[in-house]
Amino acid sequence: MASISKAEKSYIQAGLLADPPSRADGRSKNVFRTISLETGVAPLANGSARLSIGRNPHDGSGGTEVLAATKLEVEDIGPGSQGLDSGRIECTVSCSPAAYPFLSSNALDELQYDYTTIMSSTLTHPSLRPSNISILQGKKSWLLHLDVVVLTDSGNAFDAMFMAARAALCDTKVPRTRAVEYRASDSKLKGKTSSGGIMGAVLDASSSKDMDVDVDVMESSSFNTRVHSKATDFELPDYWDEGEILDGKGRWPICITLNIVSATHFLDATTPEEASVSSRLLLMFSFPSDSSTSKSQLYGMRTLGSGEFSVSQLSDLLKEGESYAKEVWKALNSQLDEETALKLKEMKRF
Amino acid sequence: MVEITVLKRSRTEAALTQRKFFKKTAKGKVFKVLRERYLRDDVSCGIDGCKICHDTPLPSYGDKNHSSFPDGHFLLPDTNVFLSQMDLIESPLFGPPIILLQTVMEEVRHRSLPLYNRLKALTRMEDKKVWVFYNEFRSETAIVREEDETPNDRNDRGIRKATQWYAQHVALRSSSIRGQDQNSPTILLLTEDAANRFKAEKLGLSALSVRKYVEGMKDSPQLLDLLAAEGSDEIEPTRVATGRQVLYPEYLSTGILVAGVKAGSLHQGHFNANQYNYLEGNVSVPGFNKPILLIGRENMNRAVQGDVVVVEVFDEKEWKAPADEVVDQESTLKDDDAEESEGEGDAEKSGQLREKEAKMVKVEKIASLRSLERLPTGRIVGVIKRNWRAYVCHIESTSLTSSNSTSLSIQTVFATPVSRLLPRIRLRTRQAPTLLNQKILVTIDRWDATSRYPEGHFVRALGRAETKEAEQESLLLEFEVPYRPFGKAILDCLPQQGEQWVVPPKTESSKEWKDREDLRGLNICSIDPPGCQDIDDALHARVLPNGNVEAGVHIADVSHFVHPDTPMDNEAAARGTTVYLVDKRIDMLPALLGTNLCSLRPFVERLAFSAIWELSPEADIVNVRFTKSVIASKAAFTYEEAQIRKDDPHLQDDLTQSIRLLNTLAQKLKAKRMAAGALNLASPEVKIHLDSAESSDPIDVEQKEMRETNSLVEEFMLLANISVARKIEEVFPQTAVLRRHMPPPKTNFEKLQDLLEKRKGFKLDVSSSGVLAKSLDLCVDPDLPAFNTLVRIMATRCMLSAEYFCSGSVGKNTFGHYGLASSIYTHFTSPIRRYADVLAHRQLSAAIGYSPLHPSLHSKAHVERILEVVNKRHRLAQMASRASVEFYVGLALKARGERGGGTGVTEEAFVIRTFRNGIGIFVSKLGIEGLVTFKKDMLFDAENYTMTVAGMVISVFDKVVVRIEVEKDRNTHRGKVKMTLVSPIDSKGM
């Protein structure tokens, strides 16, 4: 990253190792800078969020700023296509050149690629796949593009990106679809040409409940939710409806970066601080709300830099990381809830 | 320093200012669309005298003529009013000022584009007082859709909100007029939706249904007739309550239909009714090479001629052959009573009728299991698009309960459309007695599953049946021919000099002469039918020093006067073609152009577009060039004059020589064309002799004569068209306007082949056009000279019709013209009367670098769209002129019959079809087809196409003598040609 002189590096390290530790902005080791979040910033996206860490509240300068947005695209399933019955997610990170003015364009590409790999390997994992992005079995499904843009970077980009991604995914709404199909019932061949011969079925693809409808095959019933394979196309029942919330609101992980200096670690490093630590540990945690026992889920772990960890050191770091992550998780969730409430209020105003 | 501030809309307003929705494309992609809206406080209410608003065209107190609103009122109609009652609103009798909400406009557009266009026209009409209020843009009336609110509810709420605002707004105004205690006019919400009315009344607003409102109007009897059938429920609630019998299967929803069609389990196509049998129809679909047969009322399931329907095809073992019987709607359903069948309550009667119809359908089931004739059979499961328009009808006198002409009571009557392809329509009217004997225009409103007949309403009367004016107008309406006079905007596109326009003298600076060749010196002449006013082609030929011949075809340079994208051009594109009726011509271009400035009259200089060939003496093309030119025709001949001139050995002048030269070349060209496999097709063409130009009473009918000179002109026109087609296709491979004639599917000929083989022992080989031409030549019966023509006419009917297309839209191997045996073809030679030719002119002009091509002609989509219209207009125009001829043949027959003492006319005719209870015949001398029906079934042999009447065997292709009478149907007052056999046996009374 940004290169700093040896003297500067050792000064920062010494400050962090001192007792009490001292940081250039006066924070203690495990305190985050101010985080601000806004969702629904891109009206044309299906979900979006803008998140900044450490931005000056008065003039809006400085800090790390990340924009995340999701876009749903209909994808055909079949040979020659990557589409899956259950739908899939694709994740891309791009960095604004303004965020890294000192990097050449090649270096910027590499950085973007690194970011994309880390985000993508965590968020597109099958265990995180939402249940409601399928459309038609074997025919069509949603492809969810998650695009993250790093607008400015003054340290701790990973935490910011994951938080923004989580916020955007929680903000995402999936348009409701309804499968349509036509099929002739078996009784048709018996020369019955009056109203009972034909059955049209409308299936509610987004409902996972198996509705048990009594189907009277002989006469006039036109609903059958059992058969899924025959539908060939879908329709949008309501064009004006934004849709239902993307499943997995409780699962999308956040990232906590532990910056390790000798035996100690600190959170939310600024750019110079990042440059002066030898190794960093990224932990991707989520705390699904349904398991109210506050059981955490670790979705990813990654080390950056040249330092080494022993196993015991790692397990300590994991434990501590989990507790930090929980704090951030709670804060983020409460902010997200507030945003939702705010939007509802705005709607009511008119 | 100047301070610059950026006014950003805060995100907190997004809920109000942004409207987001999804859109699903045909390819199945889903897009999110975002609309921004800016709310304002200065959207005017449009009412005169308003202190707050400007721009106020509506009268201050609205309309005070309504009995319920003495203080004046304004109408604020809901969307459903426009969707169902457009005829009422458009009526000149309907005068109250209307406030049209933007929400309503948008909803109408969403639901029906044709209605939206009518609505837009309405807002521009001068005698209507309509104010469009952009309620979605005024801050007080804009609304946001709430959670769990359907779009419909949202719009209804928006309409109510706007009504409320208007009511307050108007009240505000009147209260501010000091000292005057005047009541403010009412803002009346007009809606057919009872729930909406109820909610509005709860808000303290006035709301009425259309029927209730119209009942209080001054001209209510006339206006009530214009009301669509929708409202009938309210008047007789008891009738509705008695459970109606469901007569037809319900339609499937559109989504299911589309999915079914996509999956291939359902098929989509246009519904065609059978003109011989009202209980039968068919649908041509891409999936089958034969049309899908629909038998019986239930299977046709309320489809009307021209509707786009979706059919389900039955299992193959249930396929059936078409009926071999004539089933006439009028005679079968004569006893059905309009009032009775309205509720379909009379179970006994309705049951009887059903039985009767079922029998008709069944008869053929037993008899015809012939495998050859079995067609894919199916039933209609849904309608994608209704193609309903206003139909010309007669009121059936028997359906009237009271024929007292002063009676203004409302009656339910049947209207029988003039076209045999349409079902009778039930309508309610107060004017029934006065409408008897008239041709009237009726629109279908709906066709419920519980109603045997479609329900419609009366639009307007066209006049007494059989008067020429009424017949002519009904004909034009029936074939959707646009016949309004040209508007001012169109006439403004004409040259200002009008009739005085001449080609300016040749100078360097003259615009007209730029890049034009001076061909005034050539011996050019035109050859046309007698009385032709729009001469669009002229010819010349001369021998070149090298022994070759120079031949030129000169076409009126219409594109010099009709420029792209002008009102005149748009009108011509919409009209597509000039329509020729026996006594009237409906021009595509204003008469000034058609019959004067563009018409290549003799002895005057005219602008032309010339195709000039150098032909070898054997009529091979050595060279061809195209040029804009100025010509001066030396003579305008009729075919007959030209023929006489050519045959007169004493005439040796240049003009005559030139005609002879053209004639020799034409013969060689024709020989070549025939050798290449062109078909010599025939269609019945007759000529109507009119008494005099003024009275236009037909005296007699005779068949058109073909002379050598007809063929001369035809050959050169073909040559020009082919040469031009090659040129424009070469230069504009993507958008060239071409014409093609697809080879007919072999299955189309099966029946004719079988007929010829069984009856006459001729084999018809249809493997290619050349072979077909040869085998048609062999179909000669020495005893019956007209037989060959008949076979040709029948063969022509088996073929597809030619069509215009855009060269980029179809594969190059399908460009061919089957009938002409040419690999490429277009229309270039009649730009005055065909729009496709105008396009070809523009493209050729660009191809030779004379003028740049208008961008629209570079767009494939645009060309396709225009040609689609032109194809349709062309087809309808042909049908209209045929119908016009038929009408006049009828009149002529009547005249001839009266001269002969009222016994009718006897003519020789050919049998072309046999039915169980009748024969179809063709009278070649009159060019008409007819039906001889017998009251009971005869001995009928479908295998051999024969039937036995009183011991006499009659088979297809037999020559018979028929008596033709024109009689008036006593019930519908529709003139009808009735035919009876005279020889071999007299079928009178059979």
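**Entry 1: the largest cavity.** I looked up where the largest cavity sits: domain 2 (254-325 + 363-385) and domain 3 (390-478) of chain B both give residues to its lining, so it lies between them. The domain bounds come from an automatic or database domain assignment. I note that this is a predicted model, in which local features need pLDDT of at least 70 and side-chain atom pairs count only at pLDDT 80 or more, while totals for chains, interfaces and linings use all residues. Residues are numbered from 1 along each chain as its sequence is written, and side-chain values use heavy atoms, without hydrogens and water.

**Entry 2: its size and lining.** On a 1 Å grid over the protein atoms alone, a cavity is a set of points where a 1.4 Å probe fits but cannot get out, and lining residues have an atom within 4 Å of a point. The volume is the space filled by probe spheres set on the points, which are joined across faces, edges and corners. I read about 220 Å³ for the largest cavity. It is lined by 20 residues, and the closest to its centre are Tyr278(B), Met300(B), Ala303(B), Pro423(B) and Trp447(B).

**Entry 3: the whole structure.** I searched the whole structure and found 9 cavities of 30 Å³ or more.

**Entry 4: chain B.** Chain B has 990 residues, and 54% of them count as buried, meaning under 20% relative accessible area with a 1.4 Å probe, protein chains only. I then looked up contacts (heavy atoms within 4.5 Å). Of those in chain B with a separation of 6 or more, 68% join residues 24 or more positions apart.

Notes. Chains are lettered from A and ligands numbered from 1 in the order in which they are written. On a 1 Å grid over the protein atoms alone, a cavity is a set of points where a 1.4 Å probe fits but cannot get out, and a pocket is an open set with protein on both sides within 12 Å along at least five of seven lines; lining residues have an atom within 4 Å of a point. Buried means under 20% relative accessible area, exposed over 50%, partly exposed in between (1.4 Å probe, protein chains only).
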